[in-house]
Amino acid sequence: MFPASFLASIEEKIDGNISEYFDLIVGTSTGGIIALGLGLGFSAKEIQEFYEKYGPEIFKGNRFLKYFQKFVSTKYTNNGLKKALEETFGSRKLGESKNRLVIPSFNLETGEVYVYKTAHHPRFQRDYEESAVHVALATSAAPTFFPVHYTSSGIPLVDGGLWANNPMGMAAVEALGVLDWPKDSVKILSIGCTSEAFKMHRKGGQLPWAPKIADVFMASQSSASLGTAQLLIGHTNVKRINPIMPSGKFGLDTVKEIETLKGLGVSEARKELPNIGEFFLKKVEPFIPEYKLQK
């Protein structure tokens, strides 16, 4: 909700959709859903409304019962999410995106990364034909929250956040290593979903580590990704927006704070607009894919 609200607030001050101002959009998990929405021509405001409308239904249920259920199965089915995506994206495909997109997932069968990409390079010959709904379900299949997503060929995929929770470094590598863009021309705007001040017990043992291990690898990956982007394209060419919030303020699946997150997005956009306008608020050339869908 926070990145959607932030982008919607910026979008109010520009001409057209925010997606018209970016050459490449990279998103993981809920960020992957946002990236797909932007690429398919939805305004940031419409994406914000998606979360407001469907969030309570996606994370519906008795939270007390869900707490115990998560020890034997996933906390939620993906029925609500799948229905929301189908009603929003319909039968549209990744190849209909007007932007270059990179959407990470993870293959449980092989232990290898699995990345969906638009046809922005001659090598990328298949993903563009994939359903946008399936790409969204794959990148957001967060372990313990949602079940594994299987492709039509039976590949078991889970949330790309397992290895690219913050995909900034991945974006920089794509821009320089795949698209071969000049280093000095690349600027990255990275928007997180807020985070908490990092705290961790310094003693060993399973008891203190078990409930915090996910926080540890997510924080370390995000820090490494930020450092990678800064090293590759320069510190001054990277802008990271990810407010630090009080511990326990927000949860990955709590919907009661939707309005608070919406307001936070508005306030951060008001503060950051003068800082990002010079770098990012210039319309880019239209994306022409290497391969196109058959009509």
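Helices α2 (residues 30-39) and α6 come within 8 Å of each other, axis to axis, and cross at roughly 160 degrees. Axes here are lines fitted to C-alpha atoms, for helices over the stretch in contact, with angles running from 0 to 180 degrees between N-to-C directions. The angle makes α2 roughly antiparallel to α6; angles under 35 degrees count as roughly parallel, over 145 as roughly antiparallel, 65 to 115 as roughly perpendicular and the rest as oblique. The crossing of α2 and α6 is right-handed, a crossing being right-handed if the near helix is turned clockwise from the far one by less than a right angle, and left-handed if anticlockwise. From α2, Gly 32, Ile 33 and Leu 36 take part, and they meet Ala 132, Val 135, Ala 136 and Thr 139 of α6, where contact means heavy atoms within 4.5 Å. By class, the residues of this α2 and α6 contact are five nonpolar, two polar and no charged. Ala, Val, Leu, Ile, Met, Phe, Trp, Tyr, Cys and Pro count as nonpolar, Asp, Glu, Lys and Arg as charged, and the others, Gly among them, as polar.

A word on the model itself. It is predicted, with local features needing pLDDT of at least 70 and side-chain atom pairs counting only at pLDDT 80 or more, while totals for chains, interfaces and linings use all residues. Residues are numbered from 1 along each chain as its sequence is written, and side-chain values use heavy atoms, with hydrogens and water left out. Helices (H or I, at least four residues) and strands (E, at least two) are DSSP runs, numbered from the N terminus.

Helix α6 (residues 132-139) also packs against α5 (residues 79-89), at about 145 degrees and with the axes 9 Å apart. This crossing, too, is right-handed. On the α5 side we find Leu 81, Lys 82, Leu 85, Glu 86 and Phe 89, and on the α6 side Ala 132, Val 133, Ala 136 and Leu 137. The α5 and α6 contact divides into seven nonpolar, no polar and two charged residues.

Let us turn to the chain ends of the helix numbering. At what angle do α1 and α11 pack? The angle between α1 (residues 2-11) and α11 (residues 258-280) is about 50 degrees, with axes 7 Å apart, which makes α1 oblique to α11. Their crossing is right-handed. Nine nonpolar, three polar and three charged residues form the contact of α1 with α11.

Among the α11 residues that meet α1 is Lys 262. The side chain of Lys 262 also forms a salt bridge with Glu 52, at 3.1 Å from N to O; the term requires a side-chain nitrogen of Lys or Arg within 4 Å of a carboxyl oxygen of Asp or Glu.

Next, the hairpin. Strands β2 (residues 100-107) and β3 (residues 112-117) run antiparallel and are joined by six bridges; pairing requires at least two bridges found by DSSP. Val 102 stands opposite Lys 117. Four residues lie between the strands, and Gly 111 takes a positive phi near 75 degrees.

Finally, Phe 198 lies in the loop between β7 (195-196) and α9 (206-209). Beyond its neighbours within four places in sequence, Phe 198 contacts Asp 215, Val 216 and Ala 219.
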